[in-house]
Amino acid sequence: MPNNIKYCAQCGSVVEERIPSGESLLRAVCPSCHTIHYENPKIVAGSIPEWEDKILLCRRAIEPRLGLWTFPAGFMELGESTEEAATRETLEEAHAEITIHRLFGIFSLPHVSQVYVVYRAHLQNLNFKPGPESLDVQLISLADIPWKHLAFPVIHESLTRYVKDIQTSTSQTHSSVVPIQKPPSFYSS
């Protein structure tokens, strides 16, 4: 993947792409102060909030994928844990207070340089409503998940695994690489 860094954050010089000594990948390197600039994946933290036999989903009020459904999730901020980020995103997107139950899964999206860290969580109460990034927020039974209207393949992958866990009464931590293309089941569910 090409480096997006053009100028050194330390001294402002134009950087060069090269492989630093002891490394194997091209990096943005400053020829003046020799600072190596690393670009790393973004971490997205989210939750699958549960209440009895339903989960809380949000209908997106922003692009990308405006109007489609997701569980509360978003990019981590500096200085917070993944649990804190998932809790904050749930509060921001759904005004919902949660208690993290357990890690549900880690889903890698190398094609967009993102890693999703998803938790199972319990809603503390039913005082939820749409936040600024949500058009609607609903408790939805597993039989009524809007499969054809989910915002992203990673949401489809996560919820598919979640439903299977519930149906088989298992509780495992998942890990997978989400494909670039939407799986066929994304359209036919």
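Modeller: Contact means that heavy atoms lie within 4.5 Å. The structure above is a predicted model, in which local features need pLDDT of at least 70 and side-chain atom pairs count only at pLDDT 80 or more, whereas totals for chains, interfaces and linings use all residues. Residues are numbered from 1 along each chain as its sequence is written, and side-chain values use heavy atoms, with hydrogens and water left out.

Colleague: Is Val44 buried or exposed?

Modeller: Val44 has a relative accessible area of 4% and is buried, a word that means under 20% relative accessible area, with exposed meaning over 50% and partly exposed in between (1.4 Å probe, protein chains only).

Colleague: How far apart are Val44 and His122?

Modeller: Along the sequence they are 78 residues apart, and in space the C-alpha of Val44 and that of His122 are 19 Å apart.

Colleague: Let me zoom out. How many helices and strands does the chain have?

Modeller: The chain has three helices and 11 strands, and reading along the sequence gives the pattern β-β-β-β-β-β-β-α-β-β-β-α-β-α. Its C-alpha trace spans about 60 × 35 × 30 Å along the principal axes, and 42% of its 189 residues count as buried. If you take the contacts between residues at least 6 apart in sequence, 61% of them join residues at least 24 apart.

Colleague: Now the helices. What span does H1 reach?

Modeller: H1, with 13 residues, reaches 18 Å from its first C-alpha to its last, which is close to the 18 Å expected at 1.5 Å a residue; the expected span is 1.5 Å times one less than the number of residues.

Colleague: Which residues of H1 are buried, and what do they pack against?

Modeller: The buried residues of H1 are Thr82, Ala85, Ala86, Arg88, Glu89, Thr90, Glu93 and Ala94. They pack against S5, S7 and S9, and also against strand S4 (42-51), strand S8 (98-109) and strand S10 (134-141).

Colleague: What follows each helix?

Modeller: After H1 comes His95, which has a positive phi near 50°, and after H2 comes Ser169, whose phi is also positive, near 55°.

Colleague: Switching to rings. How many aromatic pairs are there?

Modeller: The structure holds two. Rings of Phe, Tyr and Trp (its six-membered ring) pair if their centres lie within 6.5 Å, with planes under 30 degrees apart counted as stacked, over 60 as edge-to-face and the rest as tilted. The ring centres of Phe104 and Phe107 are 6.3 Å apart and their planes stand at 35°, so this pair is tilted. For Phe104 and Tyr162 the centres are 6.0 Å apart and the planes are at 65°, so that pair is edge-to-face.

Colleague: Last one: which residues lie nearest the centre of the largest pocket?

Modeller: Of the 30 residues lining that pocket, Arg60, Pro64, Gln114, Tyr116 and Phe152 lie nearest its centre. The elements that give two or more residues to the lining are strand S5 (54-60), strand S7 (73-75), helix H1 (82-94), strand S9 (114-123) and helix H2 (153-167). A pocket is an open set of points, on a 1 Å grid over the protein atoms alone, where a 1.4 Å probe fits, with protein on both sides within 12 Å along at least five of seven lines, and lining residues have an atom within 4 Å of a point.

Conventions:
Helices (H or I, at least four residues) and strands (E, at least two) are DSSP runs, numbered from the N terminus.
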